[in-house]
Structure formats: C-alpha cells, structure tokens
Amino acid sequence: MRPNNKIFFSLLSVLLVLVLIAAIAFGAVRILPSEMLAAIEHWFKLEPSKSIYENVFLQLRLPRVLLCAITGAILAVSGVLMQGLFRNPVVEPGLIGTSAGAAFGASIVFSLSPFMSPIFKTLLGPFLVPVFAFAGGLGATFMVYSLAKNNKRVSILPLLLVGMAINAIGLSGVGLMTYIARDPQARSITFWNLGTFSGASWFQVFFTGIVAIICILIAFKQAKKLNVLLLGEQEAGYLGVEVNKLKTSILIVNTAMVSVATSFVGVIAFMGLIVPHVLRLLIGSDNRKLIPASVLMGALLLTLADMGARLLLAPAEMPIGIITSIVGAPLYIFLLKKYQFNQNDL
Amino acid sequence: MLAAKQLKYNIGNKRILDNISVNFLPGTCNLIIGPNGSGKSTLIKLLSGALENFEGEVNYDGVNLKTFNKQTLASCRAVLSQQTELSFPMLVEEVVLLGRNPHFEFNPNKKDIAIVHEVISLLDLNDFIKRNYQSLSGGEKQRVHYARVLAQIWDRPNRAHRYLFLDEPLNNLDIYYQQLFLSIAVKLLNETTTLIGVVHDINIALRYADQLFFLKDGALIENGVPEKIVNAILLKNVFNIETQVIVHPSTGKPVVIF
C-alpha cells in the first residue's frame, strides 16, 4: 500500500527541517536554538555577532548544512534522471563519466597549480577548482555521449560501456595526479575523492543552490515525458515523445548540476542510488512525484550522513563518501543481483 | 486512407523491404502475414512512423507521415508491440495512463481517468488496477499494454481518423485472448478507424482479416480478400509448406489444415 501523497510529503518536509536543525546544533561546538535565532536577528539588523557561537553558526555550520542539503538533492534527482533515462535501477549519476571527469579536473588544480600562471589563478580566484572540475565533468560526459553516438542515435548499452572506459581514464588521471603531487596536496586529493563539506562557504551555497533550482525545475517539467520513457524508446516515440531531444536535455541538465556540486564537495558515491530506490518502494515510479520527493529525501539523508561524518570520530572528521559507500555499496550489490537477469532491458 | 508508395528500406546493403505500394482503407481489418524475416515488422514500423530513413512515401489521408508533429500523430495512431518491459515498479492503472500522454500537459484530467477505467474494464483488468505491473504474467502484461494502446486513441476529437497497429502482439497469449484481442480490434472498426496488424497464425488471420497481405523476402507477393486469394499454391509459395485449404462449416471462411 502506498502512503497518501500529502501526508508523505508533509512528513518528509517536517523530518527534513528537524534534521537540518539538528545538523546545525550538533558538532565540535554545540549551538543552541536560542543562539541560532539571536544570530539570525543580529544578521538581519546588520549588527555584529555577539558571541563565537553565533559566528560558528553563521560562517561555518549554516553554510555547511545548506550546501550539504542542496548537494543531496542534486545527487538524488540526478539518480532519478539517469535511471529513468537508462531504464535501469543500477545506474549511478557518475556512470556516464561526469564524476570521474570532475575529479580529474579538480586533481589537476591540486597537483599542478604551482605551475599555472599566476594571472590565470587570480583571474579565476575561488572558481579555480570548480571551473576545472566542471570542464572535466563536461568533457568526460561529452566524450562518452559522442563516442556512444551511432548514426544520430544514442543507445543505452554503448553509453554504459563507453562510460565505464571514460570513468577508468578519469580515475587513472586522478591517480597520476596523486602520484606526482607532494604530500599535503596528495592528501587533499584523497579527501576530495571521498567528498567533504568542511570547506563550505556562502558563495558555494548560493552558486550550487541557483544551479540546482534551475536544473531541477527543467527536469521536473520533463517528468511526464520521462514517465513515458519508462516504456522504452520505441514505445515513447509511439506515444509522441521526441526521445532524442528529451535525452539530450536531461543529459545536459544532469551534467551541469552534478559537476557543480562535485566541484565543491568532491565525489560522493551512491546517493543517486539509495534515494531513488527507497522512494520507488514507497511512492512508486511516477517521476512527477519522484523528483520532488528526491529533493527532500536526498537533502535529508546527505545531511544525516554529514552529521555522522562530523560526530562519529569527533573531534576528527571522516570523509562523507565513506559513510554513503558503507550504506550504498551493499545496496548496489543487492540491486545488481536482483536485476542481473534483466539484461535484455538495456 | 493510409497509402504507402514504393517503400524501400535497407539495413546496410541488405534490402529489407522492396518497393511496396499498398493502400489500407478505413473500416477494414488489414492483416499482414509471412515467414520469419519477410519484413512484416519492418513494414509496420515504416507505416507507423517508428522508422524514418526509408525511401518512398507514407500518407495518412493525403498528409505525408514525415511532416507530422510527433504528438499530433500519437493522438490518432497507436501501436501495440510484441513485447514491452518495465524496469521499475508501476501500478497497472499507471501503465495504462501512460497511453493518454499525447492528450494532457502535465496532470491527467477527468476524461483521461475515465477512459483509463473504460479500457481497463474492456480488457478484463479490473482486479489488477492496483497490482504492480512487474508481478503479472506475460499474457496479463500484454493485456495491460493493449489497454494502454486503446486508451491512446480512444476518443477522436472532431471524428478525426485513427490508426491502430498490431505488431505481432499475440505471441504470449492463449487462444482465448488471441481471439479477444482481435475481436476487440474489429469492434472498434468503423468509417474512421483503420486497423493494420501482423499475426503469425494463418487461421486467426483468415478468420479476422478483411484484407490479407502476403509478404516474402521484403516483397508483397499477394493481397486481397482471403476467400479469393488463399489457396495451397500461394501458401506453398510463401511458406514452403504443403497444406489444404477447406471451408469452415459455419463461417464459410477458408481454413488451412496442415
């Protein structure tokens, strides 16, 4: 039996708000709700913050939690989109090269930035890592897409196979950069590859937030067509969907938002797998419900995971990718086993 | 009228369809029959607009198929395929509702829902409405898709013409549902509806077809009213088997025995 839509969405929203507040409150420093309110009040009145706690709240905790929530939403929606496009529940957003390419781009900055022209670095400023990651993600996705393209058509199977190859190349590139990097930088690559929110800033929150809103809205508008695509490309064509147009727009939207998120927080594996799977069990496969629900649940689960990353080894911090992988990898194996007999669906 | 002129289709250097010109009239049941690899399904795909890189012309009431807007075409032309699989859990009513896709913008309206329930009843699927599609048997799944396809062209604004294609849809069905599928299709027929189908069972084809089309090696060997064209020589020529053609005692239609 499926839960009532209104109740389900309200419950999810309330839970999300509670988790966000908890995530802000708990950490190396504990922040009381009264301090949160005071900080917001001072900020509105443009007064300076009264205590260190208010500063921690405004400058560290709040942007971190918000960036985490936005990233969770992006990764979850991306999972829904890619799985719908490939008609396969075992597909991860990073599968078509986006994540590996973005990681490679970022690792180049970490290892080779001493050799880059200072003018170039000043020019890009805080955008240096994101721009390289975005270029890498876009480049890798474009390569996969154009190599898999045959006779003006993009079939799913070649897309997946070429995606695997490009992923391997991207990860080798990351490995190479790690190898030639000196010690402290090498460590930051490792950290980057497992994801972290420790460097979250307001700039990142706004940048990622705007990209997320635009991309998710575009995807949501296509939700009905994505539903029809569940029947396969030929049937979708019979039902009046311009399949190639739909696939191209979804791929572009997906690449943009995943690259931007990845460039700020690193590769966070399996979020795009966990959230859609759980939601399909709960509310079914209708993308008109699945996309908004993924926004809420993706934000909720990644915020929880980040809380775990901060608290489990406190005062030290764990890369968040370890937590999502511990939960996600077994699920991935389970899904692979469950669907291995459905290979002809590809 | 659906008119095809000099259709040619190649895959690589292999000619799949060779110079086929044929007309399908509204109100008639047109069934295509032929051995494996004779181009039957390809012909359906060309006529229904699934394949576009062919030579020749397909016209729906004088309008070239290639000039159609995809959504406009989808609101008057539906195709029931051989097999359609879903990788995700969906309720039967959700799958049938997908057939209304060309008719609503984002959310279905009351009319769409009413049509969905009508076709679900027609195909005897009332007990399955809230079932997960993936848990159904092959034959039940095919009934769900038939309901979906019928929902797609159920209503005809301004009595516009509609076209129903059946692309070997009977393979998973028992005799009862094979007959039900075709008798439902035949009941829909009227002056604005054209039915074009591919079936494998020659006797099913003889029973329901107004016009039969024999394909072999991508060419149209013979077509016409079954009683007039079907005989042992033709069947030997097309299928390379020895048969006898007798007359059905009650319907008076030809029956092939092997």
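**Helix packing, chain contact and local features of a predicted two-chain model**

In chain A, Gln204(A), Phe207(A), Thr208(A), Val211(A), Ala212(A), Cys215(A), Ile218(A) and Ala219(A) of helix H9(A) are in contact with Ile250(A), Val253(A), Ala256(A), Met257(A), Val260(A), Ala261(A) and Phe264(A) of helix H12(A). Two residues are in contact if their C-beta atoms, placed from the backbone, lie within 7 Å. Helices (H or I, at least four residues) and strands (E, at least two) are DSSP runs, numbered from the N terminus. The model is predicted: local features need pLDDT of at least 70, side-chain atom pairs count only at pLDDT 80 or more, and totals for chains, interfaces and linings use all residues. Residues are numbered from 1 along each chain as its sequence is written, while chains are lettered from A and ligands numbered from 1 in the order in which they are written.

The residues of the contact of H9(A) with H12(A) divide into 13 nonpolar, two polar and no charged. Here Ala, Val, Leu, Ile, Met, Phe, Trp, Tyr, Cys and Pro count as nonpolar, Asp, Glu, Lys and Arg as charged, and the others, Gly among them, as polar. Two packed helices are described by the angle between their axes and the distance between the axes. Helix H9 of chain A covers residues 202–221 and helix H12 of chain A covers residues 243–265; they pack at an angle of about 160°, with their axes 10 Å apart. Axes are lines fitted to C-alpha atoms, for helices over the stretch in contact, and angles run from 0 to 180 degrees between N-to-C directions. H9(A) is therefore roughly antiparallel to H12(A); angles under 35 degrees count as roughly parallel, over 145 as roughly antiparallel, 65 to 115 as roughly perpendicular and the rest as oblique. The crossing of H9(A) and H12(A) is left-handed, that is, the near helix is turned anticlockwise from the far one by less than a right angle.

Another helix pair in chain A consists of H2 (residues 33–44) and H3 (residues 52–86), which pack at an angle of about 75° with their axes 9 Å apart. H2(A) is therefore roughly perpendicular to H3(A). On H2(A), the contact is made by Glu35(A), Met36(A), Ala38(A), Ala39(A), His42(A) and Trp43(A), and on H3(A) by Tyr53(A), Glu54(A), Phe57(A) and Leu58(A). These residues divide into seven nonpolar, one polar and two charged.

Chain A as a whole has 15 helices and two strands. Its radius of gyration is 21 Å, close to the 20 Å that the globule rule gives for 346 residues, so chain A is as compact as a globular protein of that length. The radius is taken over C-alpha atoms, and the globule rule is 2.2 Å times the number of residues to the power 0.38. The C-alpha trace of chain A spans about 65 × 55 × 35 Å along its principal axes. Of its 346 residues, 49% count as buried. A residue is buried if 20 or more other C-beta atoms lie within 10 Å of its own, exposed if 12 or fewer, and partly exposed in between, with C-beta atoms placed from the backbone.

Chain B contains nine helices and 12 strands. A compact globule of 258 residues would have a radius of gyration near 18 Å, and the 19 Å of chain B agrees with this. Along its principal axes, the C-alpha trace of chain B spans about 55 × 45 × 35 Å, and 40% of its 258 residues count as buried.

The contact between the chains takes 22 residues from chain A and 23 residues from chain B. Helices H10 (223–229) and H11 (233–238) of chain A each supply at least two residues of the side that touches chain B, and H11(A) gives the most, with four residues. This side of chain A divides into six nonpolar, nine polar and seven charged residues. Lys70(B), found in helix H2 (residues 70–74) of chain B, touches Gly240(A) and Glu242(A), not counting residues up to four places away in sequence. Lys70(B) counts as partly exposed, with 18 C-beta neighbours inside 10 Å.

Most residues other than glycine have a negative phi. Asn19(B), in strand S2 (residues 14–24) of chain B, has a positive phi of about 55° although it is not a glycine. Asp124(B), in the loop between helix H4 (110–122) and helix H5 (138–152) of chain B, is not a glycine and has a positive phi of about 65°.
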